[in-house]
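Biologist: Please take one part of this model and look at it closely. I would like to start from how the strands pair, then move on to the surroundings.

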Amino acid sequence: MPFLFAPPPMPVIPVEGERYEFFPVHRVYCVARNYRAHAEENGAAAPEAPFFFMKAADMVRPVAEKETIKIAVPPETEAFEHEVELVAALSKGGRNLTREEAEDAVWGWCAGIDFTRRDLVREAAGKGRPWTFGKNFEGSAPVTHVRPKTRVPYPEPVDLWLYVNNQKRQSGNTDEMLFDPFDLIAELSRFVTLAPGDLVFTGTPGGAGNVRAGDRIRAGVNGVGSLNVEIV
């Protein structure tokens with residue numbers, strides 16, 4: 001098949017501990033305000049139902065356990081914020097999944113950071129506009145290498161945490177989620193046909209805050225993985 005120009009490379013995430021296995025990224029779904037504390041710190045009530053947005057697949061940046069990735073402060077923001085999250089990686093899809101089917105669809109898990117231009121999100125929300133530019137920019141979704149679910153303690157409660165310059169900014173536990181990952185996946189499947197390669201960011205605990213050039217971040221989910229980011 002002739003192309004007008006070379007197609008971009010497919011976004012992939014290495015499988016933790018495997019040299020030649022990779023998870024191909026299809027789509028990236030994220031849920032907003034899935035922890036009460038995070039909703040409250042943004043001046044919003046806890047939602048009665050999940051509210052989703054998307055990131056482009058090529059926003060994903062895999063980070064090896066001992067690697068530090070550099071991510072630039074994006075333009076047009078004065079409020080560049082971090083949000084540590086548990087991320088589900090799907091190997092099966094479908095429509096109108098049951099909770100049991102949603103659980104079976106998960107191949108593995110990552111720890112990730114949903115970087116956000118908070119001022120753009122707030123401006124868009126105030127005008128009834130989508131959050132596209134608040135959530136999508138180069139490197140806005142760094143993740144650890146994906147770990148198979150058989151090697152992860154979840155669905156037992158696990159802690160999420162994030163440090164900036166060795167100071168703890170975020171701390172939470174998955175049992176604080178308003179909607180757990182399998183309910184989120186089942187809810188998503190009511191609106192779209194989920195597919196192998198989809199990622200689902202499951203929300204962040206309280207403590208999301210600003211970072212600036214020169215800051216060093218270490219974040220993770222216990223039993224899943226951790227990642228290092230330097231802001232430039």
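Modeller: Two strands count as paired if DSSP finds at least two bridges between them. Strands are DSSP runs of E with at least two residues, helices are runs of H or I with at least four, and both are numbered from the N terminus. This is a predicted model, where local features need pLDDT of at least 70, side-chain atom pairs need 80 or more, and totals for chains, interfaces and linings use all residues. Residues are numbered from 1 along each chain as its sequence is written, and side-chain values use heavy atoms, without hydrogens or water.

Five strands build it, in the order 6-17-16-13-14, with mixed pairing. Strand 6 (68-71) and strand 14 (167-173) are the edges. Each has a single partner strand, so one side of each lacks a neighbour in the sheet. The partner of strand 14 here is strand 13 (residues 159-164); the two are antiparallel, and six bridges hold the pairing.

Now turn to strand 3 (residues 28-32). Five of its five residues are buried (under 20% relative accessible area; exposed is over 50%, partly exposed in between; 1.4 Å probe, protein chains only). Strand 3 is therefore largely enclosed by the rest of the structure. In a regular strand, side chains alternate between the two faces of the sheet. In strand 3, Val28, Cys30 and Ala32 point one way. Tyr29 and Val31 point the other way, and they are buried too.

Strand 3 pairs with strand 4 (residues 51-55) in the antiparallel sense, over five bridges. There, tyrosine 29 sits opposite methionine 54 of strand 4. With strand 15 (residues 199-201), strand 3 runs parallel, and three bridges join the two. Valine 28 faces leucine 199 in that pairing.

Arginine 27 and aspartate 198 form a salt bridge (a side-chain nitrogen of Lys or Arg within 4 Å of a carboxyl oxygen of Asp or Glu), at 3.2 Å from N to O. Arginine 27 is in the loop between strand 2 (22-24) and strand 3. Aspartate 198 is in the loop between helix 5 and strand 15, so the pair links parts of the chain 171 residues apart. Arginine 27 is partly exposed, at 23% relative accessible area. Aspartate 198 is buried, at 0%.

This pair is one of 13 salt bridges in the structure. Lysine 135 deserves a look as well. Lysine 135 meets glutamate 83 in a salt bridge of 3.3 Å, N to O. Lysine 135 belongs to helix 4 (residues 132-135), while glutamate 83 sits in the loop between strand 7 (80-81) and strand 8, 52 residues away. Both are buried: lysine 135 at 2% relative accessible area, glutamate 83 at 3%.

Lysine 135 also pairs with aspartate 114, where the closest N and O atoms are 2.8 Å apart. Aspartate 114 lies in the loop between strand 9 and strand 10 (116-117), so this bridge ties helix 4 to a part 21 residues apart in sequence. Aspartate 114 is buried as well, at 0% relative accessibility. Shared partners join Lys55, Glu81, Glu83, Asp114, Arg118 and Lys135 into one network of salt bridges.

Glutamate 187 is buried, with a relative accessible area of 19%. Beyond its neighbours within four places in sequence, glutamate 187 is in contact (heavy atoms within 4.5 Å) with Pro50 and Phe52.
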